[in-house]
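Please look through the model below before reading on. My comments follow as numbered points.

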Amino acid sequence: MRAYNEDGRHHKKLRVFGVDVQRTAAAATFVESYLEKVDKALARSVETTLDRLRVPGLGADLRTRPEDEQEAFTSDVEAVARRMTKEPPRLHRQEQLV
């Protein structure tokens, strides 16, 4: 994958998104804190998805939800990933946001 992405002939780059379904509540809090500092509008627009990340058993539950809810969740995660790629969070001691 790295070799493919580094090859200048490939204009569309491969990306992998994932969610650690064992620690989603902490991740949601981290993302929310980050977005509140850099993009409040995006924070509001993905609020439902962040709330879902705080519920235990998200992985199993999400697969049973209607397709439009799954697509909204995926779209929100992609929007957050794009924002974090544009301006990555800076971390220091104990992974607190700067």
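1. Confidence. The average pLDDT of the chain is 84, and 85% of the residues score at least 70. Confidence is highest in α3, at 97, and lowest in strand β2 (residues 96-97), where the mean is 50. Where pLDDT is low, the predicted coordinates should not be read in detail.

2. Layout. The chain contains six helices and two strands. Read from the N terminus, the order is α-α-α-α-α-α-β-β.

3. Burial and surface. The chain has 98 residues, of which 23% count as buried. Its accessible surface is about 7,400 Å², with 51% of that belonging to carbon and sulfur atoms.

4. Core. What is in the largest nonpolar core, and which residues have the most contacts inside it? The core has 15 residues, and those with the most contacts inside it are Leu35, Val46, Leu50, Leu53 and Val80. Two or more residues of this core come from each of α2 (24-38), α3 (40-45), α4 (47-53), α5 (58-64) and α6 (67-86).

5. Valine 80. Leaving aside residues up to four places away in sequence, Val80 touches Val31, Leu35, Leu42 and Val46. Among these partners, Leu35 and Val46 are also listed with Val80 among the core residues with the most contacts.

Terms used. Residues numbered from 1 in each chain as written. Predicted model: local features only at pLDDT ≥ 70, side-chain atom pairs only at ≥ 80, totals over all residues. Heavy atoms only, no water. Helix = DSSP H or I, 4+ residues; strand = E, 2+ residues; numbered from the N terminus. Buried < 20%, exposed > 50% of the residue type's maximum accessible area, 1.4 Å probe, protein only. Areas by Shrake-Rupley, 256 points an atom, 1.4 Å probe, with all protein chains shown as cover. Core = buried A, V, L, I, M, F, W, Y, C linked by side-chain atoms within 4.5 Å. Contact = heavy atoms within 4.5 Å. pLDDT = per-residue confidence, 0-100.
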